[in-house]
Amino acid sequence: MSMNTQGRPTAAGDAGAAFRPKTFTGNRALDMEEPLLFEIGRLDVTGVDLDEPEAFEAELGTHARTAKIGLPGLSEPETMRHYVRLSRNNYAIDSGLYPLGSCTMKHNPRLNEKMARVPGFGDIHPLQPLSTVKGAVELISELGDWLMELTGTTAVAMSPKAGAHGEQCGMMAIKAAHIAAGRDPKIVLVPESAHGTNPATAALLGFKVVAIDAKEDGTVDLASVKKAIAENDGNIAAIMLTNPNTCGLFERDIMEIAAAIHAANAYFYCDGANFNAIVGKARPGDLGIDAMHINLHKTFSTPHGGGGPGSGPVVLSSRLAPFAPLPFVRKSEGGLELVETEAGLKDGEKPFGRMTAFHGQMGMFVRALTYMLSHGSDGLRLASEDAVLNANYVRVGLQDLMSLPFGERPCMHEVLFDDSFLKDTGVTTLDFAKAMIDEGYHPMTMYFPLVVHGAMLIEPTESESRASLDLFVATLRDLVMSAKRGETERFTGAPYLAPRRRLDETRAARSPVLTWSEPAPASVTPAAAE
Ligand SMILES: *Cc1c(COP(=O)(O)O)cnc(C)c1O
């Protein structure tokens, strides 16, 4: 062991650490324990100095607050520390490879952040007079143009706030189109490999979901689609299909599926979460889709996490364009017009309503357009190609040790393994994922899609370097061999090195504690906590 001149160890970690101190604070060096704001905050403290307001008359009438609001306060430096410490407990794309398949955790370029902070974009308010935000409207319109160009569609709804919200928007446009044509079909076809939001969206809008089988090769069975159409003649509203699908495979029969759906007077909703695999290579509109959401946080590099801050614009074919929701930007002789109310409509415009109060997520719009303009059309195509290349690099690096449910053939932007390689090891998909945490990796998507047993869906994205992929592949190879050697404990007890071990996720989901009811004594001194 190397020692410094005072005879103390210089190496980090376990070198010579027969003695592991149980710390007084509960912290582990830079790994800080951080209580809740409600536990450390004080009611009489605030980080800002504001004068007491002069006597005023509340306009809230009987709704006026009668008791103190009771929000915990901290000084400014305490506030900084609280949130910085919490942020250090968060695994982020800026700290390591984040291989969540389907979710697409890709690098957020710093240029995007810089542009989003330009005051003309960052500091505007949705209620500002239109004459003062013309540039912002132009940016929304230009981003919409890029989305329509890249997808081969004719209209776009910019306001939905996430992919799932976009699904709702697209399906509401489809419903409106059926009603306008005097139809009232009740059924939506959803393949078994679909993301849960697809059947949830259909059900939310009152449709009955009919599941479509997958073929042996992991793609949607065209014969099943045709059979479902025949069995429910005249009662099909739409199909909701993801392409490339959630097994990481391109649906080769997509044009035949679209033709069959259109022949049945139904619409084709495409879940665009995996659009990042084909941008610049294929246009969904050319393949026959009528509506598709685009998760800007998956395909166009805006920040992704915790359900937001998301943005899920929806592109629509000419068949659905008239039903696009308010608000929208209309191009006219005099320039761009922002159509916000029914009063502003022209002939042929039949919006189904509106999805949100305002125009969408401006900060995300700026970031996404920055990404597009800084890449150009050739750069966007290259990003798709590299995303596919990287996934296949991982596939080839692991396919002799892990099991590919659909054979050793090329995948798109993500590679799907099942758990048969773990058979008889006593290690489950969940255990395997937890052991990855000890190695410093966020686990891949697990147990989704449901069409294979113990799914592990890996999506490295285009921005990982070869060195980073090599280390990731080597780490997984080491884990697999360890499991096969019978080193079960490395998995069943994992994670050993994370600040928390395994949580009772079932209990957390079934009986979530959503309110803070008993603030601990307002003190943070360790002595008082003992
Ligand atoms: C992420 C995802 C969604 C939902 O998108 P959000 O933006 O998270 O609401 C829907 N379908 C698929 C296949 C996805 O991967």
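**Notes on a predicted model**

1. Let's start with a salt bridge: the side chains of Glu113 and Arg117 meet in one, at 3.1 Å from N to O. A salt bridge here is a side-chain nitrogen of Lys or Arg within 4 Å of a carboxyl oxygen of Asp or Glu. Glu113 is buried at a relative accessible area of 15%, whereas Arg117 is exposed at 56%. Salt bridges with shared partners join Glu113, Arg117 and Arg367 into one network. For these labels, buried means under 20% relative accessible area, exposed means over 50%, and partly exposed is in between (1.4 Å probe, protein chains only).

2. A word on how to read the numbers. This is a predicted model, in which local features need pLDDT of at least 70 and side-chain atom pairs count only at pLDDT 80 or more, while totals for chains, interfaces and linings use all residues. Residues are numbered from 1 along each chain as its sequence is written, and side-chain values use heavy atoms, with hydrogens and water left out.

3. How many salt bridges does the structure hold? There are 24 of them. One of these pairs Glu78 with Arg42, where the closest N and O atoms are 3.2 Å apart. Glu78 belongs to helix α2 (residues 76-88) and Arg42 to the loop between α1 and α2, so the pair ties together parts that are 36 residues apart in sequence. Both ends are partly exposed: Glu78 has a relative accessible area of 28%, and Arg42 has 24%. Helices (H or I, at least four residues) and strands (E, at least two) are DSSP runs, numbered from the N terminus.

4. Another salt bridge to look at joins the side chains of Asp94 and Arg110, at 2.6 Å from N to O. Asp94 sits in the loop between α2 and α3 (110-116), while Arg110 is in helix α3, so this pair ties together parts that are 16 residues apart in sequence. Arg110 counts as partly exposed, with 48% relative accessibility.

5. Now for the ligand. Which residues are around it? They are Ser102, Ala162, Gly163, Ala164, Glu167, His195, Thr197, Asp271, Ala273, Asn295, His297 and Lys298; a residue is near a molecule or strand if one of its heavy atoms lies within 4 Å of it. By class, this shell has 3 nonpolar, 6 polar and 3 charged residues. The classes work like this: Ala, Val, Leu, Ile, Met, Phe, Trp, Tyr, Cys and Pro count as nonpolar, Asp, Glu, Lys and Arg as charged, and the others, Gly among them, as polar.

6. Which helix gives the most to the shell around the ligand? That is α6, with 3 residues. Both α6 (163-180) and α10 supply at least two residues of the shell.

7. A polar side-chain atom of Asp271 is 2.5 Å from a nitrogen atom of the ligand. Ala164 uses its backbone, with an N or O atom 2.8 Å from a ligand oxygen atom. The side chain of Asn295 has an N or O atom 2.9 Å from an oxygen atom of the ligand. Taken alone, the ligand exposes 380 Å², and the protein buries 88% of that. Accessible areas come from the Shrake-Rupley method with a 1.4 Å probe; for residues, only the protein chains shown count as cover.

8. Some backbone details deserve a look, since most residues other than glycine have a negative phi, and most peptide bonds are trans. Ser301 is not a glycine, yet has a positive phi of about 65 degrees. This residue is placed in the loop between α10 (296-299) and β7, and Ser301 counts as buried at 1% relative accessibility. Tyr447, also not a glycine, has a positive phi of about 55 degrees. Tyr447 is in the loop between β11 (445-446) and β12 (456-458) and is partly exposed at 40% relative accessibility.

9. Where are cis peptide bonds found? One joins Leu326 and Pro327, with omega about -10 degrees; Pro327 lies in the loop between β7 (314-316) and β8 (328-332). The bond from Ala494 to Pro495 is cis too, with omega near 0 degrees, and Pro495 is in the loop between α14 (489-492) and α15 (505-510).

Technical notes:
Polar contact = N/O pair within 3.5 Å; in protein donor to acceptor, adjacent residues only side chain to side chain.
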